[in-house]
Each structure stands twice: as C-alpha cells, then as structure tokens.
Amino acid sequence: MSYFKNFIAGEWRPSVEERWFKDVNPADTRDVLGFFPDSSEEDVGEAVDAAREAFNGWAATPPSERGRILLRAALFLEEQVEELVKLLSREEGKTLAESRIEVLRTVEIFKFFAGAGHRLKGETIPSMRRGVFIYTCREPLGVVGVITPWNFPIAIPAWKITPALVCGNTVVFKPSSLTPMIAQKMVEALERAGLPKGVLNLVHGGAEVGRSLVASRLDAISFTGSHEVGSEIYKRLAETGRMIRYQMEMGGKNPFVVMADADLDRAVTLAAKSAFGLTGQACTAASRILVEEEAFDVFLRKFVDAASKIRVGNPLKGEVDMGPAASEQQLEKDLKYVEIGKQEGAKLVCGGEKLMGGDYDYGYFMAPTVFTDVTKDMRIAQEEIFGPVACVMQFKGLDEAIELANSVEYGLCAGICTSSLAKALEFASRVEAGVVKINDMTVGIELQVPFGGFKKSSSMTFKEQGDAALEFYTKLKSVYVIP
Ligand code: NAD
C-alpha cells in the first residue's frame, strides 16, 4: 500500500506526527488509492515558514519567468491527461467524460495564467499638477492559504494557485482529504516544471489542518467550500484581529427556470444535465427546476422519464451517465434530505433510494431523485443538498419565476430556458445570482470569465477566474514622481 507525503520547502516529507488517512474510491470502497498524511499544526507552521522564506525571491522573479514555469507545468499535465482523467474518476467518482472536461480545463487554466505574466499591468494617471508623473503598479500580497473542496479537486486548486503564483505570491495549499491524490499530481507538475522550493507547499489533512492554516500568519486566504465552513473561517479571521485579504466562494441552491415558450425537449435535456450532471455535486448544479404552469405537466413527464433513464454506476466499469456520491457522508446527507422532503409533504416522483445489488453494494450510489409539490419554504427548496435531488416547482408568469428564483439565501448561478429574448434579459437583470445562463446548462463555466456568487454563496469580496482573479492576488500601489 502506498503512503504519500506533504510537500514543504521543496521536499516530500511525512507529517511530523506520522498519522495517516485513507483515500478510497467512492464507486468501490474495496479500492484504496493510498494513505496521506493527517498533518498537524507543526506541519502547517513549517509550510507557512517555508512559503514566507521563499517569498522575496519569488516576488522579485519577473512575472513572465513565473508564467513560463506555469506553461511548462501545463505541458506536463497535458502529457498525462489520460492518466489524470482515470485518477479523477477513481478518486472523486465523476464519469470519465466529466473528468476529461475538468482535466482539460485545468490545462487551459495553467496556460491562461501563464500568459498573465505579460498582463500584470498598472496604469498612468494624469496629475492635477504640472511636472508630476503618477503611475500604479501591482504587487503580490505575500503568503496565500488555499483551501479547496473535493468536487472539482484539480480545477479549483488550479484556478486559485496559478494566478496566485504568477502574481508573485507563495502558497500553502490544503486540498480536500477526499481527493488528495489528484491535488498532489498538480503539485508534482509544478515541481517538475522548476518551481523554486518553498513557493508552493502542500499540506494534507481535514478540518483541523484547515483550522491551523487559517490561524497561521497568512497574508491572504482563498477558500472554496460550504457556507458553514466559510462562515467559520470568516469568524476566525476576525478573531485574529489581522485584516488579511480573503475570498470565499460557497454553496448554492440554483434555480433553472423553464418558460412555457421554451423548446421543451431542449429544456428537459438542459435541466437534467444541470440537476444530475456530476451527480448533482456541482456548486452550479440546478436543484430547483421552476416551470411555468402551462408547460408543467408535459415538462414533468419528460423530465422524470429523462431522470429514470440515467445510467448510474462505477465510472471505471462501462458506460455510465452518473457516478456515485463522493463519500459516505455525502450519500447519507442526500438520503437524509429525501426523508426530510417526504416529511415536509413533498411528493417523491422518482428515485430517492440508495442503489443496492451487484457493484452498487461497494459504492455510494443513489438514483436520480425528483420531488414535486414542493413549496418555497420547505427545507428541500431552501438548503443545499449537493446531490442528485431536484425539486420541480410551478409558477405563473415571469414575475413569479423571478420571485421564486430569488426566494433563497444563496445566489450563485441561475438559468432560464425561453424563446423570448426580452424575458431572458429581464430575468438576467433581476435574478440575484453571480452567474446567469440563458438556454444553457447551469453547470459549466468558462475559465476566462469572472466567476463568483452573490448572497450566501460568496464573501463577494473578489471574483475568481479570468483576469479578475489577478485583482485578488495583487495589491495596487500608487506612485507620485516629481523628477
Ligand atoms: P467543506 O466546506 O466541507 O470543505 C472545504 C474545505 O475546507 C476542505 O478542504 C475541508 O477540509 C476544509 N475545512 C473543513 N472544515 C474547515 C475548518 N473549520 N476550517 C478550515 N478549513 C476547513 O466543503 P466540501 O464538502 O469539500 O465541498 C462542497 C461544498 O463546496 C459545497 O457547499 C459546494 O457548493 C461548495 N463549492 C462551491 C464552489 C464555488 O465556487 N462557489 C465550487 C465548488 C464547491
């Protein structure tokens, strides 16, 4: 059995206390990928010290040179696409097609931010006085803590770490303890590409390691995960009394609106992909399908038919459309919400059960699940489940659709399917969400476009991805020059 290590100050090291946690395949728990260090506060301290020591040298390296290292790493990752796709499916449970999209996107993220080395621009601003020259320039923040979830376990670390590095920051990275191996592959590519020691440090572990990192001497923290953990981090940062820069992207309860004028077959396909793609485990997944009353019955029949045809299984064994829940805990949560929905009086029209028999007995499989007769204040319509559970709800007219869409505390992503451009644009302007998709799936975002939620889905401090990401990872200095 393989034992893996942390990466600190350019060396692969076991954790100081030599404790380990197990990495298992959620589609087949007999398949153990390896053991990873359950790190301690001391390991985190060493990683932060190494990052601090490396900072001055890295910050002084020309941005284009930093970018060249990212480009080399992108090419190493590109060489390993097939291996990484299989590893990602084995470790997280997504289908091979879904893993391929994530891995290829990761390569593109590396290339995009490699090029950003040439785009770290300031500006010149005319002075109000004669003979004075004013310019602004961007400087790195220092040591950045990066804490990531399991559901996009290579793309999310990539979209945080590559802009952090190209801007001249050093990083301490704590991936999810459910997906340590794919995270490690990304770090290995950067090591192989020649990243100087200490510039990127990897510390494995769970919540306690995350807590230690938040409590350590960082200059910024970028977190993606649940609202519960994001709020805890927010409180802890406030308690330290140090006003460091932070960015938190969190959960969602995303609506997908179907107007009666939409092409219903297309709407069904988009809604099913939005609700059940990635096993419903995307922060942008649509868990509320809102349908205009004239189209409701026909839509529901077709949607339930589409949901029941989804082939659920082990992504590494044959053709499947949907993999397992990523962990036992996630499956239990999904099933718990099915019970909550039933108790609240919603009608379960499809799925709702743990799948059993044959290969299913070794993994965390659940059938795609559809509820109707859901009212907007029910917990299944308000709380993030993060599984393949869709609530199909009815509305009358666009105003009610928008009111329903906005009736939750989250605001990450919202979709609408309509043939009316006027209705689509009205929806886009009034819906409370950081991302709006018109006649498209709610899942799937492009890496060059700013990304982030509103309301409880985000700290709303800075956007991620695209050139907007460079703003989080740099501070702007204004320089007045009188020659
Ligand atoms: P999580 O909040 O449980 O964990 C996220 C990370 O935080 C993990 O690395 C975890 O080990 C660490 N952590 C846990 N407790 C901590 C603590 N007290 N202090 C510091 N770190 C701690 O989330 P998850 O289950 O890994 O991921 C699913 C969640 O992520 C969902 O809510 C989903 O919506 C959200 N998500 C959001 C986005 C987005 O961009 N908005 C993207 C993907 C996932």
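This short talk covers one glutamine and the ligand in a predicted model.

Let's start with glutamine 330. You will find it in helix H11, which runs over residues 328-344. Is glutamine 330 buried or exposed? Its relative accessible area is 8%. The cut-off for buried is under 20%, so glutamine 330 counts as buried.

What does its side chain do? Another partner is a backbone atom. The side chain of glutamine 330 reaches the backbone oxygen of isoleucine 385 at 3.0 Å.

Now look further along the chain. Leave out the neighbours within four places in sequence. Glutamine 330 is then in contact with Trp150, Gln281, Ala325, Ile385, Phe386 and Gly387.

Keep tryptophan 150 in mind, and move to the ligand. An N or O atom in the side chain of tryptophan 150 is 3.0 Å from an oxygen atom of the ligand. With glycine 225, a backbone N or O atom lies 3.4 Å from an oxygen atom of the ligand.

How much of the ligand is covered? Alone, the ligand exposes 850 Å², and the protein buries 91% of that. The ligand takes up the space of the largest pocket. Helix H7 (207-215), strand S10 (220-224) and helix H8 (227-240) each give two or more residues to the shell around it.

How many residues surround the ligand? There are 28, and the closest are Thr148, Lys174, Ser226, Met250 and Glu384.

Technical notes. Residues numbered from 1 in each chain as written. Predicted model: local features only at pLDDT ≥ 70, side-chain atom pairs only at ≥ 80, totals over all residues. Heavy atoms only, no water. Helix = DSSP H or I, 4+ residues; strand = E, 2+ residues; numbered from the N terminus. Buried < 20%, exposed > 50% of the residue type's maximum accessible area, 1.4 Å probe, protein only. Polar contact = N/O pair within 3.5 Å; in protein donor to acceptor, adjacent residues only side chain to side chain. Contact = heavy atoms within 4.5 Å. Near = heavy atom within 4 Å. Areas by Shrake-Rupley, 256 points an atom, 1.4 Å probe, with all protein chains shown as cover. 1 Å grid on protein atoms, 1.4 Å probe; cavity = no way out; pocket = protein on both sides within 12 Å on 5 of 7 lines; lining within 4 Å. Sits in = over half its atoms within 2 Å of the grid points.
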